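Hi,

Here is the structure I promised to pass on to you. Please have a look at it first, and then read on for what turned up.

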Amino acid sequence: MIDIVVVLRAEDAVLDFLSVLTDDGGGETRVILADRAETLILGAGVKAPERLALIASHVGPVTDGIASPGPEVLATLLRRAVAGGPCRIWTHSPADNRRSRGRLGRDTALARAADAEDSGGGLTRAELRHAVGFSPYLQILSDLDRPLGPEHIAAKLDFVNGSCGHLLAETDPEFVVQTPRVPAVERFFDTDPDQRERLFALLASLGDEAASVVDPWEFGSSRYEARRLDATAAWVRERCADLGSDPDLGSGSAGALVEVGACEGALTHRLVAAGFAVRATEPNAVFRSRLTAALAGTDAVTVDGADLADLAKEDAPRATAHLLIEMLYYGQDLALLDDLATDLVFVALEPDALAARLRPWLERSATWRAEEETVLVPPQLETVCAGRAYLSKRGSVGLLLRRTNG
């Protein structure tokens, strides 16, 4: 049985997979260095010190362009490493918070699946395990735990101090080596393709990688998210109830709202059910196509791709309110709020972000004042990805802003 360790950089093989390299079974191990598209062969008779020395000779400086070579290249490397024999594959977690490693973990799984589908080759029956590694945002349920004894810990620390000294002082969080990146217990898990894609998307934050699965943040299945969304819709409905008779907004309507960053429409559906006309904006094309499909035939909703900057620039009709719900986490210029065509803005954020980002800006603002603050939902621990992991949902606080010079 050949063990194949697929890592982004050479040091990863020792930091997360030392127990594989020094397995008492004494079999052959092959280490694929993805950043070089190169394979190291550690023969069955090669002892641990010699194996670590070979890997240490390939630890290099941090350079631009270090990334997964993609599933096609990895499939080729894996086929060569397997050489038609039985094997086990070990690689990074698709939920590694270092995006470069998370992408490689996912790409390795895709490469294995593509080989099985295209050729029925030697990877078809290969076990595939991901290293939990350091996971600051998720607690991942492992299937195999390997505590390291003093001898292994000493070897791991000697390797870091002797070969990775420049990485201890590295400033890039993708490549710095710190205590949590040198685990004393190496933990591994297997997972199915759907869980793997969801773990990958969950850590993507924004963009097409987050949109690689439907409902990446599980708005449709999470009890916490349902409570948050229900509370948010109820808050907006209650605060806008007395504006329904405004002649500029249309008789018999609960008011016209602009929902910024509507994603796939989980909140939009609730706002329409509450009687609002909604302009749902979503700049991500994949999410927007799902949003449009989900709301097809709903006359009270229009969908477009405007982001916050677009809304601040355009000459749009005035709205009852703009909703910035759980979306001011990504460095947007808060000064853009001054140019929105409304006198009311509903903001919802987790408490720490509210304190660190919104309150200091609001204290300096001559345009907006906080009219109300409300806890929409408290923090809660919750499982995600079909129970493969759990995490702390941080709670959501609503802040209703009113224009002071409107």
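At what angle do helix α1 and helix α2 pack, and how far apart are their axes? Before the reply, please keep in mind that this is a predicted model. Helix α1 covers residues 10-21 and helix α2 covers residues 48-56; the angle between them is about 160°, and their axes lie 10 Å apart. Angles over 145 degrees count as roughly antiparallel, so that is how α1 and α2 run relative to each other. The crossing of α1 past α2 is right-handed.

From α1 come A10, A13, V14, L18 and L21, and in α2 they meet R51, L52 and I55. Sorted by class, this contact has 7 nonpolar residues and 1 charged residue, with no polar ones.

Now to a sheet. In general, strands of a sheet pair through backbone hydrogen bonds, in either a parallel or an antiparallel way. Here there is an open sheet of 3 strands, in the order β6-β16-β15, and the pairing is antiparallel. At the edges are β6 (139-140) and β15 (380-384), each of which pairs on one side only. Helix α8, residues 223-240, packs on this sheet and touches both β15 and β16. The direction of α8 makes about 125° with that of β15.

The pair β15 and β16 is worth a visit of its own. Strand β16 spans residues 389-393, and its antiparallel pairing with β15 runs over 5 bridges.

What does the protein chain look like overall? Its secondary structure comes to 12 helices and 17 strands. A box of roughly 85 × 45 × 35 Å, taken along the principal axes, is filled by the C-alpha atoms of the chain. The protein chain has 406 residues, of which 49% count as buried. As for contacts between residues at least 6 apart in sequence, 69% of them join residues at least 24 apart.

Conventions:
Residues are numbered from 1 along each chain as its sequence is written. This is a predicted model: local features need pLDDT of at least 70, side-chain atom pairs count only at pLDDT 80 or more; totals for chains, interfaces and linings use all residues. Side-chain values use heavy atoms; hydrogens and water are left out. Axes are lines fitted to C-alpha atoms, for helices over the stretch in contact, and angles run from 0 to 180 degrees between N-to-C directions. Helices (H or I, at least four residues) and strands (E, at least two) are DSSP runs, numbered from the N terminus. Angles under 35 degrees count as roughly parallel, over 145 as roughly antiparallel, 65 to 115 as roughly perpendicular and the rest as oblique. A crossing is left-handed if the near helix is turned anticlockwise from the far one by less than a right angle, and right-handed if clockwise. Contact means heavy atoms within 4.5 Å. Ala, Val, Leu, Ile, Met, Phe, Trp, Tyr, Cys and Pro count as nonpolar, Asp, Glu, Lys and Arg as charged, and the others, Gly among them, as polar. Two strands pair if DSSP finds at least two bridges between them. Buried means under 20% relative accessible area, exposed over 50%, partly exposed in between (1.4 Å probe, protein chains only).
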